[in-house]
Amino acid sequence: MIERQNQRQRILIITLVIICILLVTVYSRESKDGLFHRLQRFSMDIISPLQKGMSKVFSPVKDGIGFVVDMGKARGERDRLQEEVDELEEKINELEEAERENEDLKSMIAVQESNPDIDFLVVDVIGANPDIWERTIQIGAGYSSGLQEYMAILSEDGNLVGRIILCTSQASIVQLITDEKSSVGAMLQENGEMGIVEGEGGDSVRLELLNQDADVKMGDVVITSGMGGTCPPGIPIGIITEIGERKADLSIGILIEPEARLTRLEKVMVVVSPPPSTSPLEAEAGEKGG
Amino acid sequence: MHRRLTFFLILIVTLLVQLTVSPEIGIGSVRPDVILVVTLCWALLEGAGQGALFGFFGGLLEGIFSTAVLGVGAFSKTILGYFCGELRQRVVSKSVIWPMIIIFFGSILSELIKFSAWAIVGLEERPPLSFGIIVGFALYNAVITLLVYPVISRFAEREEKAMMFQ
């Protein structure tokens, strides 16, 4: 029984396959106006109104599928654009960095040109002292690069930053002019009145004039005097921003805002020549002498 | 008689769904072949002979209502319907996963048979063979099997009950 059924099925499949092959052969041989082609056109005419109706019924479904597909595409596009934006932002940062470096180098060259008697060494700032009570920075060069203690440090635009107080072979510690222990020989650019600039521990420094009756006014520029031998003369220190009342000891409290951006130093210029004429012991002894 | 009527009704409804609904639920260029899915489900439930017959008439009607080379669809669906029906004796599980897997691979075979037939008859304007589209098509067919197989199996069960009653 099963064997007969299987045989019938085999005959059936062979017959159907032969019919299919005949259909394909006839269809592919006949012209566009042949029987089967005309039958197809006729059938399509019958079914097309139904297809149109169904198309309208299913348009929300179609839109929904389209929306989902587009969402997938939009996500891919968003990710691609985000990557592109990140890359471009990175490039912009690099360019800005390069531009800033270029500006810094230009100002350093200008400083060098305006001080032909002084030799500078440009050094990177590699860190700052974590102790909030000490105003010092660390620079990436030491005595192996020719640096020594008490050398003056200038900012990229040629303003006084401080001096080296500790030198190792590869790094040095720079005491900023705002440090409470710092003192530098200074004078007023306008009239040459001499004084000492001392750190206050904050963002400004104080000027103590030797002549208490000196003519001093707001906005006067204070420069190094060269006294003490650690700083060459004529380096800008800052501008007078506040002149206080005369005290009992007849001194005047004069505050100076440093010209150097001491909180944003990336590179500094070390005055390697002329070298500091004060030996460490002498400087220590006359620390308040600049 | 009852059996033939069920067969005919399922065939007509499937054809209508294929001609009207299937183009509307396409994802990109991938559209499900409902006739192929129903053919293979029918073959798995009813056997090789029924599968071959459903595939033949389904493919033939689909060819008549389209501009495809007449007989190619019928050819591939007849062969696949027959061999799927032969698988019925080997698949014991009633899970819908097996039909899904069979329909996934059956869909890939169906397209390969179509491309071969087109090449043999020398069809000039053949679409480029894209395995990505074929796999997408097979996946879509496998997914709609989840909906189609339970419906077809219900008809097949009713058919069996009716025969038992007689």
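Predicted model: local features only at pLDDT ≥ 70, side-chain atom pairs only at ≥ 80, totals over all residues.
Where in chain B does pLDDT stay under 50? That's residues 162-166 of chain B, where the model has one contact beyond four places in sequence. Quick reminder: pLDDT is the predictor's confidence in each residue, from 0 to 100, and two residues are in contact if their C-beta atoms, placed from the backbone, lie within 7 Å.

Residues are numbered from 1 along each chain as its sequence is written, with chains lettered from A and ligands numbered from 1 in the order in which they are written.

Chain B averages a pLDDT of 84, and 90% of its residues score at least 70. For the complex, the predictor gives an ipTM of 0.83 and a pTM of 0.51.

Now the interface: 25 residues of chain A are in contact with 26 residues of chain B. On the chain A side, α1 (2-29), α2 (35-57) and α3 (59-114) each give two or more residues; helices here are DSSP runs of H or I, at least four residues, numbered from the N terminus.

Next, the largest nonpolar core, with 47 residues. Such a core is a set of buried Ala, Val, Leu, Ile, Met, Phe, Trp, Tyr and Cys residues joined through C-beta atoms within 7 Å, and buried means 20 or more other C-beta atoms within 10 Å of a residue's own. α2(B) gives the most, 11 residues. B:V38, among those with the most contacts inside this core, also touches B:I10, B:T14, B:V148 and B:I152, leaving aside neighbours within four places in sequence.

How values were computed
Buried ≥ 20, exposed ≤ 12 C-beta atoms within 10 Å, placed from the backbone.
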